[in-house]
Amino acid sequence: MTKPFPNMKTLVNLRTRTFVALILLALICSSLICVSAQQKEKSTQTKQEVKPGAADQQARRRADALLAQMTLEEKLGQLNQLFFFSFQKEESMNAGIRKGEIGSLLFVTDPAIINRFQKIAVTESRLKIPLIFGFDVIHGFHTIFPVPIGMAASWDPKMVEGAQTVAAREARAVGINWTFAPMVDIARDPRWGRIVEGAGEDPYLGAAMSRAQVRGFQGDRIGSPEHLLACVKHFAGYGAAEGGRDYDAANISDAQLWNVYLPPFKAAVDAGVGSVMSAYMDLNDVPATGNRWLLRDVLRKEWKFGGFVVSDANAVSDLQTHGYARDGQDAAVKALTAGVNMEMSFSAAVYLKNLANAVKQKQVSIKDIDDMVRPLLETKIKLGLFENPYVDEAKVESTFDNPEHREAAKTAAERSAVLLKNQNNLLPLNKTAYKKIAVIGPLGDSRQNMLGSWTFAMDINRTSTILAGLKTKLGTGTEVEFAPGVQIDRFSNPSIFDMMLKEKHPPAWTEVQAADEFKKAVDLAKDSDIAVMVLGENQDMSGENASRSTIDLPGRQLELLQAVTAAGKPVVLVLMNGRPLDITWAAQNVPSILEAWYPGSEAGNAVADLLFGDAVPGGKLPFTWVKNAGQSPFYHSHNLTQNPGEQEKRYWNEKAVPLYPFGYGLSYTSFAFSNLKVSQPEIKIGETVEVTVDVKNTGTRAGDEVVQLYIHQQAGGASRPIRELKGFERVALAAGEIKTVRFKLRPNELRYWNAAARDWVQEAETFDVWVGNDSSASLHSTFRVTP
Ligand code: NOJ
């Protein structure tokens, strides 16, 4: 939402809170429309026949039998999804549910309310079709896991799958059936706030995280007990918003779309994702929510997707905003015929209000409507909602209280952390070496800010902050004192989610207070043996509607860091953020930097274990860490062009190199790679080549290394990226241990979408292979593909 903000102050001043809330929430998702390309796609290599199994066939029969009994109005009701917020009155929904005008509600998290709504649907509506309840279960529900960009930094799909299994179990326990996740938008611009919600810049890592999350949410099938229906979003190209401005148009070349932006979506579809959310923005001038090519040609015809598409919130109605649709009816017709099954809206409901008329005027047929309703009914059937529409309210607390969930959240936070710098092995700290530790910075003891965006249903009181974690870890033997030093806030431009915060922003300090707090923090550092500084961004500074034009540390944080460093005590910087920040000064002047992201409910306990060596950082950056916003987009898989030896001189004012490369991250131990072998010097097109490498823990303590494989096609029908990630594995190694890691490069990894051929191609060319622990890996070999 770029438009609402100028009006924000005025809105906040309005007296009626409910009204404000409704408007603001309506704005969360109302979008700048999407428009898209009319590309044609001829891939044969991605085609796969989906043979519907017995359960699918049965669901189809039951859905068809239901469809045969439904009036047009009831059908349109199934396509209608509305928000219900806790400040709304239940009565406002009851009549609509009873009449069969609502097929789904989102944002209801109270199991008693869910049961009451469901009861009306299954006992009082004519055909007794249950509602499906959706929610943004993005990185946890009650127990909060690290934000998705953090989980991607674990390079550990198994862990991520486990995290989303827990999230699904907790959400399912309150009666939620459907999550609007995973978000798999590739993001290469740190200014874009939603970079925090995805897996970063790389399609290969993105696809791995996409698959893992779909499996975690859905289990082995749609309808697995204690699981949810997943919804991969935002289809497609949302991460390429111009200027990093959320909701703005995306212009993406054909090659980039196929090679970079679409693969994580394809991975979700191949993993059996049951639903897809159409994005807000224009894709090459056609709105994604009215984009027939995307939603029919690619998604359904090419990829054989058999589930349903839901629009992003208000995106159908918003087709008018961008001059793609003349009026509500036109918007409804365009979205429906493009392939959007369900319309998510606050109250616009343009499907419900207009499609009967459109049928009358023969703009759409009853068959068109049936085709949109059928997959929704099939999904409700597969989820078991007809047999088990209610949730057992008595089981909620025991599900939430499962200690394994906290354990999983802590492990996830530890595995997500990335050690960026560790001069003279300052970390891990020795528990007995420090009598007094200063925890300094605005994020050191702020519970809400440990959690990241999309966290509304947790128990905020069960959040361990960095201060609390360190105190618990060190007990009474060490003094741990806290001073925030500075305040950070979006002050004049608050987040659209602020009203839902469980811990409100503290009131702004006066100038005198600010000076006093700053001094207190510096004095505390002087008076302590070591300072742990916790800096970054408040959780609402990244996420939806949280784009920035710069990536510096907000507020006076850099000044504080400089003043505390000048105090002369060792400084460890713990970063909490969802995007790369300009930490160039810190990278030069602070001995140790640990990227913790927004680590979740167990933030403090995990960070304490990491700082004191009871956990060893092993995460790696899922994006290229630029020095400043002016460098972006800057990603590892760029093409090599003119004057390759002078790449660092692309800017005259500074070196055109990022601060840290993609895939980078240190450990408390060290690793060495050797013995890189390619199984054959030559393979034929269509064959697979195996690459093996030995990785050894050369240090004195156990640790994990992420072994990464990159390739480069030396020549061919298009310029190919200088390096592309095509394999990775996170390996645990005891001190001195060696393991051999194997990668397979199959035709899938060796092909690419060629824009000139408008097809996937695999070419008979020579390939470079590098293996190592980041995208600058130097261990090198080659192999040749022959016709
Ligand atoms: C808008 C966001 O873009 C989307 O990601 C989210 O799932 C919906 N609102 C529902 O909250």
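# Helix packing, buried residues and backbone geometry

Q: Which handedness does the crossing of helix 8 and helix 9 have?
A: In this predicted model, helix 8 spans residues 157–173. Helix 8 and helix 9 pack with their axes 7 Å apart, at an angle of about 35°. The handedness of this crossing is right-handed.

Q: How many residues in the contact of helix 8 with helix 9 are charged?
A: Helix 8 contributes P157, V160, E161, Q164, T165, A167 and A168, which meet A208, M209, A212, Q213, R215, G216 and F217 of helix 9. Of the residues in this contact, 8 are nonpolar and 4 are polar. The number of charged residues is 2.

Q: Is helix 9 roughly parallel or roughly antiparallel to helix 11?
A: The axes of helix 9 (residues 203–218) and helix 11 (residues 263–270) cross at roughly 30° and come within 8 Å. Angles under 35 degrees count as roughly parallel. Helix 9 is therefore classed, relative to helix 11, as roughly parallel.

Q: Which handedness does the crossing of helix 9 and helix 11 have, and how many residues of their contact are nonpolar?
A: The crossing of helix 9 and helix 11 is right-handed. The contact is formed by P203, G206, A207, S210, R211 and V214 on helix 9, together with P263, P264, A267 and A268 on helix 11. By class, 2 of the residues are polar and 1 is charged, while the number of nonpolar residues is 7.

Q: How many polar residues does the contact of helix 10 with helix 11 have?
A: On the side of helix 10, the residues are L257, W258, N259, V260 and Y261, and they meet P263, P264 and F265 of helix 11. The contact has 7 nonpolar residues and no charged residues. The number of polar residues is 1.

Q: Which residues have a backbone oxygen that the side chain of H139 reaches at 2.7 Å?
A: H139 is found in the loop between strand 3 (132–135) and helix 7 (148–153). At 1% relative accessibility, H139 is buried because the cut-off for that class is under 20%. Beyond four places away in sequence, H139 touches residues including P146, M151, Q164, L451 and W454. The side chain of H139 reaches two backbone oxygens at 2.7 Å, one belonging to F145 and the other to S453.

Q: Is R406 buried or exposed?
A: R406 belongs to helix 17 (residues 403–416). Leaving aside residues up to four places away in sequence, R406 touches T143, R462, S601 and E602. Its relative accessibility of 16% lies under the 20% cut-off, so R406 counts as buried.

Q: What distance separates the C-alpha atoms of A335 and P554?
A: A335 is placed in helix 13 (residues 328–338) and is buried, with a relative accessible area of 0%. Setting aside residues up to four places away in sequence, A335 touches T289, V316, L319, V340 and Y351. P554 is 219 residues from A335 along the chain, and their C-alpha atoms are separated by 40 Å.

Q: What is omega for the cis peptide bonds that join A181 to P182 and L427 to P428?
A: P182 is found in the loop between strand 4 (178–179) and helix 9, whereas P428 lies in the loop between strand 11 (418–422) and strand 12 (436–440). Most peptide bonds are trans. For the cis bond of A181 and P182, omega is about 5°. For the cis bond of L427 and P428, omega is about -5°.

Technical notes: Residues are numbered from 1 along each chain as its sequence is written. This is a predicted model: local features need pLDDT of at least 70, side-chain atom pairs count only at pLDDT 80 or more; totals for chains, interfaces and linings use all residues. Side-chain values use heavy atoms; hydrogens and water are left out. Helices (H or I, at least four residues) and strands (E, at least two) are DSSP runs, numbered from the N terminus. Buried means under 20% relative accessible area, exposed over 50%, partly exposed in between (1.4 Å probe, protein chains only). Contact means heavy atoms within 4.5 Å. Axes are lines fitted to C-alpha atoms, for helices over the stretch in contact, and angles run from 0 to 180 degrees between N-to-C directions. Angles under 35 degrees count as roughly parallel, over 145 as roughly antiparallel, 65 to 115 as roughly perpendicular and the rest as oblique. A crossing is left-handed if the near helix is turned anticlockwise from the far one by less than a right angle, and right-handed if clockwise. Ala, Val, Leu, Ile, Met, Phe, Trp, Tyr, Cys and Pro count as nonpolar, Asp, Glu, Lys and Arg as charged, and the others, Gly among them, as polar. A polar contact is a pair of N or O atoms within 3.5 Å; within protein, one must be able to donate a hydrogen and the other to accept it, and residues adjacent in sequence count only if both atoms are side-chain atoms.
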